[in-house]
There are 2 protein chains.
Amino acid sequence: MTPVSKLAEATGHRIVVVGAGFGGLETVFRLRGTGARITLVDRRNHHLFQPLLYQVATASLATSEIAWPIRYLLRGRKDVTTLLGTVTGIDPVAKHVQLEDGPALPYDTLVLATGAGHAYFGHDEWEPFAPGLKTLEDATTIRRRILTAFERAEGTDDPDERAALLNFVVIGAGPTGVELAGTIAEMARTTLPDDFRNIDTRTARVVLIEAGQRVLANFPEELSSYAQHSLEKLGVEVALGHAVSDCSAEGVVYGDKRLPARTIIWAAGVRASPAAEWLGVAADRAGRLQVNADLTVPGHPDIFAVGDTVSIAAPDGSPVPGIAPAAKQEGRYVADAIKQRLRGKTPAPFRYRHDGSLAQIGKHLAVIDFGRIRLRGALAWWIWGIAHIYFLIGLRNRLAVALNWLWIHTLDQRGARLITQGRAVIGDTAAPTSEIASQRLKSVR
Amino acid sequence: MTPVSKLAEATGHRIVVVGAGFGGLETVFRLRGTGARITLVDRRNHHLFQPLLYQVATASLATSEIAWPIRYLLRGRKDVTTLLGTVTGIDPVAKHVQLEDGPALPYDTLVLATGAGHAYFGHDEWEPFAPGLKTLEDATTIRRRILTAFERAEGTDDPDERAALLNFVVIGAGPTGVELAGTIAEMARTTLPDDFRNIDTRTARVVLIEAGQRVLANFPEELSSYAQHSLEKLGVEVALGHAVSDCSAEGVVYGDKRLPARTIIWAAGVRASPAAEWLGVAADRAGRLQVNADLTVPGHPDIFAVGDTVSIAAPDGSPVPGIAPAAKQEGRYVADAIKQRLRGKTPAPFRYRHDGSLAQIGKHLAVIDFGRIRLRGALAWWIWGIAHIYFLIGLRNRLAVALNWLWIHTLDQRGARLITQGRAVIGDTAAPTSEIASQRLKSVR
């Protein structure tokens, strides 16, 4: 049998992978040795370890500790060309990918791993007041807003304004929302109190608003109620069964309640990349591509799609969750499917295997659902921490993250408490996410 | 004798310190135990270790490794209130400091430690094309531009554009300019080559332009020529005796030469803070306050000024240099002078003691001038590294910086190679420093 590498090399097979998240990168890693000419395109120069992004937003980790230059990760792969570029469209007839600046990229096989962003359910006007958390810039924006709110509370004499500044609202009680709310509460109670003279940061209110009936809805009910109880012990107010009906510079309205708040974080909805629009094919309500059992796009047998931009069912009929391990499994599957095809074979359908779900709530507080085995508390927290350090790429980042966590949990100090971008940005809380530095709250009111 | 603390406490003496750089922070540290009510105001929430800022700009260190939240550094000092705020003026008659947002701060003694920014010698229109390096945001801007230039060179087919993208110009051959030029050359030669497929990063040109006749003009001549020789061995082209006559999106013009370049960094001139303007007193050409021998502002015996915003002569008649140890000495002197005055005494004049000058050029390459003792090469480089780690605040940052340097110098890898802020920012090289992300080179041309 001719090895795959010879076949791909002989035919000059060109593979374009769009997106260097968990799915796209795994595809490229697994295509090693095929001899195909691979091009990996991403809008950013770095791969991001999104599961720990909330720790950048809450000043626990530095940006460089959870991000790696993509081309550095692929430095040893002479068969891979990495390009920084924004895809604007796909021509499936001519078979090329259009970039915003630069030439069209021809492909024989295309892999779309373009992920998802946050969605405001038709209320995009809320975004300036309630930023979401998907990118490093989102994380530094949220970090700046949280820290600036405490700074402004320290500086103001107006008791109403001070109260609004010390109200922190997180919308959406999935893992990201729970992790953010828990960490902000811990920061206000243990990291910050000694730093301020005019305010008691322990009086800060952290309110977690969720439209559904429980937190961590994807976890078993016992773990959800444990998580809720743990959050409440940390001082988080959990408001279930309340949809948010307005976000503004004033604060948030949910149910029949109106809460003045200067810091609102959106962790409620996601919307897939415009991959379906590029191809003019069907998408679900969240914009995700419907794919065949071999992860190809219907009508486009040479286009695969993986990760958060895809909607597909697990063998038990439940939807495959939008988590890193799922994207990686899909990436591995697609790389293997491409190899099979190069050999002239038809790949077996993709079967998702769920290994478990993890969420951190606070120090010594986490929940893990391994299916039959369910863990909570300190043991779950240690497993959560070790697993996340293990999945980080590179010894340097593992050491750096471990060092930071050691500091945070033994000394209650967070090393990355920096307000950056722009000038002093007092009043930035209500500035649009484009973050024009000099914009002030006053001018928005 | 009544202790100072009782005196200050009894009189309710109020001290306002503006600026939390080396000078201001040292003043506050040294005022411990006086019993005075101290307020420290800064435009930013962090103290910055400026001597290593160029390492953030060249992707060697992360922002949080050289910056500390000011209020965290003073968390144990119940006598100090830290405020995030921008000073807009001083009323020396009513004796209060005006902030942009918020109430006026009354003082009995005022300490101005407001530092300096970069200056373009009347050519502020160059700033968008040749950013300077004073803040963390400056450093991430320069880092983004350097990394984006390599990305765009990899993506373009136009040989002229590629050449311009691979030309890196540093203007000014003081310590910052030398350190930047040396590090960019090392990055192009040792860190990046394996990451790119279409370009050879070792062909990048790094040009260091200096109007004077030698690099590191403040060092003895033998160390200057050693530094120049070392830079040239690293691949830096040193152009001495050339004033820059234009910076634009096209490149730089110096002497009779015109060099197309997309990355230009300004390390040539500084201008003091507007402290002299606030007070309506005399300033030198660089905007620095002329101060009395006790570091008070002429005509304002209750206002001290320290650091880069001050012009004062050393005992030998030479100007006190704008370096961290000088600012710290002045800060210590002012704190002691305030204590003396509280005791009713007149402080002796300030005498600057020069301990030495250090500059790093590259790996195993540094120069140190201790006066009689002059060092260069590997030994100087180790002393430079150990001294800088020693002067960092806190064990965590010392460990983190040491860890990064270990990685850089054993594996030739730099951990902080992140392009952040804005979207993919292709073409951002010529965007103004306000960094509106979507702005493109095209639109500037």
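In chain B, three strands make an open sheet in the order 23-24-25 with antiparallel pairing; strands here are DSSP runs of E of at least two residues, helices are DSSP runs of H or I of at least four residues, and both are numbered from the N terminus. Two strands are taken to pair if DSSP finds at least two bridges between them. The model is predicted, so local features need pLDDT of at least 70 and side-chain atom pairs count only at pLDDT 80 or more, whereas totals for chains, interfaces and linings use all residues. Residues are numbered from 1 along each chain as its sequence is written, while chains are lettered from A and ligands numbered from 1 in the order in which they are written.

Strand 23 (357-362) and strand 25 (374-376) of chain B are the edge strands of this sheet, and each has a single partner strand, so one side of each is left without a neighbour in the sheet. From one strand to the next, the twist averages 10 degrees; axes are lines fitted to C-alpha atoms, for helices over the stretch in contact, and angles between N-to-C directions run from 0 to 180 degrees. Five bridges link strand 23 of chain B to strand 24 (residues 365-369) of chain B in the antiparallel sense, and Leu358(B) has Ile368(B) in strand 24 as its bridge partner. Across strand 23, strand 24 and strand 25 of chain B lies helix 11 (residues 378-391), which runs at about 80 degrees to strand 24.

The two chains meet through 46 residues from chain B and 46 residues from chain A, where contact requires C-beta atoms, placed from the backbone, to lie within 7 Å. On the chain B side, the elements that each supply at least two residues include helix 5 (136-155) and helix 12 (395-411). That side divides into 19 nonpolar, 13 polar and 14 charged residues; Ala, Val, Leu, Ile, Met, Phe, Trp, Tyr, Cys and Pro count as nonpolar, Asp, Glu, Lys and Arg as charged, and the others, Gly among them, as polar.

How are the two copies of helix 12 arranged? Helix 12 (residues 395-411) of chain A packs with helix 12 of chain B at an angle of about 175 degrees, and their axes are 11 Å apart. The two helices are therefore roughly antiparallel to each other, a label used for angles over 145 degrees, with under 35 counted as roughly parallel, 65 to 115 as roughly perpendicular and the rest as oblique. Among the residues in this contact are Leu403(A) and Trp407(A) from chain A and Leu403(B) and Trp407(B) from chain B.

Within chain A, the domain assignment, which is automatic or taken from a database, gives domain 1 (4-118 + 270-342) and domain 2 (124-268 + 415-444). Their contact takes 15 residues from domain 1 and 19 residues from domain 2 of chain A. Helix 3 of chain A contributes the largest share of the domain 1 side, 4 residues, and that side has 10 nonpolar, 5 polar and no charged residues.

Helix 7 (residues 175-191) and helix 8 (residues 221-234) of chain A pack at about 25 degrees with their axes 9 Å apart, and are therefore roughly parallel to each other. Residues of helix 7 including Val178(A) and Ala181(A) meet Ala227(A), Leu231(A) and Leu234(A) of helix 8.
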